[in-house]
Amino acid sequence: MALTRRELLIGIPLLGLASCSSNTGGGLTRATAPQELGSSIAAGKPTVLVAMPDTKQTREVWTGLKDELSGHFSLFAVKVGGEGGGDTLAAAIAAHRPACIVLMNNPTVFAYARYQATTRLASYPPAIVVMTSFLDRRPAAISDAIGISYEVPLITVVTNLRRLMSSPVERVGVIRRMPLHSFVERQATLARREQIGVVEQAVSLEPNAAELKYALRELKQRCDAIWVLNDDRLLSERLIAEGWLPGLNERPYKPAIVGAASLVSAGQPFGTFAVLPDHTALGVQTANRVFDLADAGFRLSDDDEVDLPLSTTTTVDLAQVRERFALRRDALEQVDHIVE
Amino acid sequence: MSLPPRTRLTAQALAVLAAGELLARRAEARSGKLLVFLHVALKQRALESELQAALPGLEVRAVGRLGDFERGLAEGQDAVLSLPAVLSAHGLVARLQGTRGLATEEKYSLVGAGTAPDPARVTAVGALDLLGREGTNAFVYDLLASKPKVERVTKFEDLLPLIQMQKVEGILLPTRLVPDVQAASRLALSQRELTKLVKLPALASVGAAGPDVLGAVAHLPVKVSHTLGVDEWR
């Protein structure tokens, strides 16, 4: 079973995207006039409109985009969020007549979908979707869109982990609900190129702490590391406190790789490592897609697909590692952030 | 033998003055700012900390993105360490050149999964972003003597994912860094060394304390210079 449209658009991972979604008002506050967050004018050049919430992460993506595209395109970053997001976006599109639109995060994509549903034009400028959860195919809710998925591929996660751990990492265990089965399968297929085995442990759609803890115990017997998906249903406060934490903090210890920096904490050992998208580099990668689209006359072809994020940052809970695992000699040279 | 009180006082005063002068000199040296824009096999955080430890009198900043380099340059520096191709693209002149085995240039390789990619036939290549889109494209075209699509990345470790995800047929990098890529992957990676050479890292003086910074870098410990791909500086 695939994710439903509603799940895709509003099922923002609790922690991984929390800061992206929090400033959008949670869809409750009505947006007023378009709010420009930044711009860079290049006279006579095509315009790229960037629709985004105003967060630290989206500003980093904007920085990467602007560094790359300034001088080649006119750029306008507009704050879009809340129920009036569609109107805000419509006003910005009318004002700037973009050749291309960049949409950051799920509510912004939702706003653009409403804009398209309202206007029903024959065609739209191509859109590039970034920072949305579990985007691994061209977005179905909006036309003329491609994107870059936000989940760091397992192959990248394990390549990074192998650079750090002195013990071999051959099999990675993952707890997943049925809606994420096909996502995990695709990740496992890609990971096989690097001889990474994936051990799946299925849980119910609404697992309780006991079920999660049992799944974790089973998995820890059969794998070298645990890959924690950014599935908000599995990362509720209660499941973290009563399932993940007791399960991970009992023997045999296995390193847990998470997709949210907030899950790596010196005070409460959960994630051993966090491997996250590098947001500024994500902006550069998005800019490269804009250049590709410009080369193609701002027309999407059937070959245009969703890309995987190329660049990541790694955070390590050094206290947990020192207590339970052994690192390679130069491992810390391969880490961006150290928590201790 | 103890000194007379007046002499002791003078000696103490001189010691204080000397210490003051030493502190002032150190403070002066601290004002020397070095901006580093190089891609190496460790994170920028680790590179910066290694350089900072080896150059305690300087303020060292290591960046991996061209945009950060240009911002850092605009903020004002005393010296810049990068590839000569980057320096000249910004109108800077290399005053201190890195050498390895007496050579001032090094070889680059094209690395791919399976058979080694043919530079003349490769259609998509991954490369580190040194000079922006046009500049990096020109850099790659010149090295390969062909014009493939160039996928730019901002960090050394981002080259491998391009091959893992089959975005490119080959990645372009200094030959000295190929073992680091091979060590990180279980793919059967093959390399083709290119004939054209690329100049090793060099320093340009861009501020008042530039000569002091160059002097300090010229005496970097060999281990640190090796991290930068260099044996000596001249």
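1. Conventions. Residues are numbered from 1 along each chain as its sequence is written, while chains are lettered from A and ligands numbered from 1 in the order in which they are written. As the model is predicted, local features need pLDDT of at least 70 and side-chain atom pairs count only at pLDDT 80 or more, whereas totals for chains, interfaces and linings use all residues.

2. Helices α4 and α5 of chain A. Helices here are DSSP runs of H or I with at least four residues, strands are runs of E with at least two, and both are numbered from the N terminus. Axes are lines fitted to C-alpha atoms, for helices over the stretch in contact, with angles from 0 to 180 degrees between N-to-C directions. On the α4(A) side the contact is made by G85(A), G86(A), L89(A) and A90(A), and the α5(A) residues include P107(A), A111(A), Y112(A) and Y115(A). Contact means C-beta atoms, placed from the backbone, within 7 Å.

3. A111(A). This residue of α5 in chain A is buried, with 27 other C-beta atoms within 10 Å. The cut-offs are 20 or more other C-beta atoms within 10 Å for buried, 12 or fewer for exposed, and in between for partly exposed, with C-beta atoms placed from the backbone. Leaving aside neighbours within four places in sequence, A111(A) is in contact with V80(A), G85(A), G86(A) and L89(A).

4. Helices α3 and α10 of chain A. The axes of α3 (residues 56-69) and α10 (residues 279-295) come within 7 Å and cross at roughly 45°. That makes α3(A) oblique to α10(A). Among the residues that meet are W62(A) and L65(A) from α3(A), and L282(A) and V290(A) from α10(A).

5. Nonpolar cores. The largest has 112 residues, and those with the most contacts inside it are V50(A), A51(A), V102(A), Y112(A) and L203(B). A core is a set of buried Ala, Val, Leu, Ile, Met, Phe, Trp, Tyr and Cys residues joined through C-beta atoms within 7 Å. Not counting residues up to four places away in sequence, Y112(A) touches A51(A), L89(A), L103(A), A127(A) and I142(A). A second, separate core of 44 residues includes V152(A), L180(A), A274(A) and V335(A).

6. Chain B and its contact with chain A. Chain B has nine helices and 11 strands, and 43% of its 234 residues count as buried. The contact takes 21 residues from chain B and 21 residues from chain A. On the side of chain B, α2 (44-54), β7 (149-153) and α6 (159-164) each supply at least two residues, and α6(B) gives the most, with four.

7. S265(A). Finally, S265(A) sits in the loop between β10 (256-258) and β11 (273-277) of chain A. With 14 C-beta neighbours inside 10 Å, S265(A) counts as partly exposed. Apart from neighbours within four places in sequence, S265(A) is in contact with F270(A) and V339(A). S265(A) and V339(A) are 74 residues apart in sequence but 6.7 Å apart in space, C-alpha to C-alpha.

Note on methods
Contact = placed C-beta atoms within 7 Å. Parallel < 35°, antiparallel > 145°, perpendicular 65-115°, else oblique.
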